[in-house]
Amino acid sequence: MSRSTKKGPYVDKKLIAKVAKSSLNGKKEGIKTWARASQIAPEFVGQKFMVHNGRNFIEVFVTEDMVGHRLGEFAPTRTFRGHGQVVKRTMDKT
């Protein structure tokens with residue numbers, strides 16, 4: 001279920017403050033965040049975020065196509081290791 005349009009998008013207040021501070025300084029360092037549920041606002045375009053995936057921080061560079069999505073969508077929490085191995089079976093005739 002989506003969020004009510006009356007409420008507007010959820011963007012973490014601390015994250016907005018960090019982006020504003022970063023844009024004033026002109027530094028292009030990654031902004032560390034644990035706010036995976038926060039939506040990407042148009043002000044975030046061109047910024048680097050270090051999004052926590054539960055174990056470490058994954059670097060995410062925000063582009064225009066990402067606006068409206070969540071930060072957590074670009075930092076996967078699970079590692080795909082394949083769909084099981086193919087086991088070669090031999091036919092014994094004894």
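Student: Which residues of α1 are buried?

Tutor: The model under discussion is predicted. In this model, helix α1 spans residues 13-25, and β1 and β2 are among the elements that cover its buried residues. Those buried residues are L15, V19 and S22.

Student: Within what arc do the buried residues of α1 fall, seen down the axis?

Tutor: An α-helix has 3.6 residues a turn, so residues three or four places apart point the same way. The buried residues of α1 are L15, V19 and S22. They line one face of the helix, because seen down its axis they fall within an arc of 65°.

Student: Which exposed residues does the face of α1 turned away from its buried side carry?

Tutor: The buried side of α1 is made up of L15, V19 and S22. The face turned away from that side carries the exposed residues K13, K14, K21 and L24.

Student: How far does α1 reach from its first C-alpha to its last?

Tutor: Helix α1 has 13 residues, and at 1.5 Å a residue a span of 18 Å is expected. The helix is followed by G26, whose phi is positive, near 80°.

Student: Is V19 buried or exposed?

Tutor: V19 lies in helix α1. Apart from neighbours within four places in sequence, its contacts are I31, E43, F44, Q47 and F49. The relative accessibility of V19 is 5%, and the cut-off for a buried residue is under 20%, so V19 counts as buried.

Student: At what angle do the ring planes of W34 and F57 lie?

Tutor: The structure holds 2 aromatic pairs. In the pair of W34 and F57, the ring centres are 5.1 Å apart. This pair links distant parts of the chain, with W34 in the loop between β1 and β2 and F57 in strand β3, 23 residues apart. The pair is edge-to-face because its planes lie at 80°.

Student: What is the relative accessible area of W34?

Tutor: F57 has a relative accessibility of 24% and counts as partly exposed. W34, its partner in the edge-to-face pair, is exposed, with a relative accessible area of 57%.

Student: How far apart in space are T33 and F57, C-alpha to C-alpha?

Tutor: T33 lies in strand β1 and is buried, with a relative accessible area of 4%. Leaving aside neighbours within four places in sequence, T33 is in contact with L15, F49, M50, V51, H52, F57 and L71. T33 and F57 are 24 residues apart in sequence, while their C-alpha separation is 8.4 Å.

Student: Which element gives the most to the lining of the largest pocket?

Tutor: The largest pocket has a volume of about 160 Å³. Its lining consists of K18, K21, S22, N25, K27, E29, G30 and I31. With 4 residues, the element that gives the most to this lining is α1.

Methods: Residues are numbered from 1 along each chain as its sequence is written. This is a predicted model: local features need pLDDT of at least 70, side-chain atom pairs count only at pLDDT 80 or more; totals for chains, interfaces and linings use all residues. Side-chain values use heavy atoms; hydrogens and water are left out. Rings of Phe, Tyr and Trp (its six-membered ring) pair if their centres lie within 6.5 Å; planes under 30 degrees apart count as stacked, over 60 as edge-to-face and the rest as tilted. Helices (H or I, at least four residues) and strands (E, at least two) are DSSP runs, numbered from the N terminus. Buried means under 20% relative accessible area, exposed over 50%, partly exposed in between (1.4 Å probe, protein chains only). The expected span of a helix is 1.5 Å times one less than its number of residues. The arc is that of the directions from the helix axis to the C-beta atoms. Contact means heavy atoms within 4.5 Å. On a 1 Å grid over the protein atoms alone, a cavity is a set of points where a 1.4 Å probe fits but cannot get out, and a pocket is an open set with protein on both sides within 12 Å along at least five of seven lines; lining residues have an atom within 4 Å of a point. Grid points are joined across faces, edges and corners, and a volume is the space filled by probe spheres set on the points.
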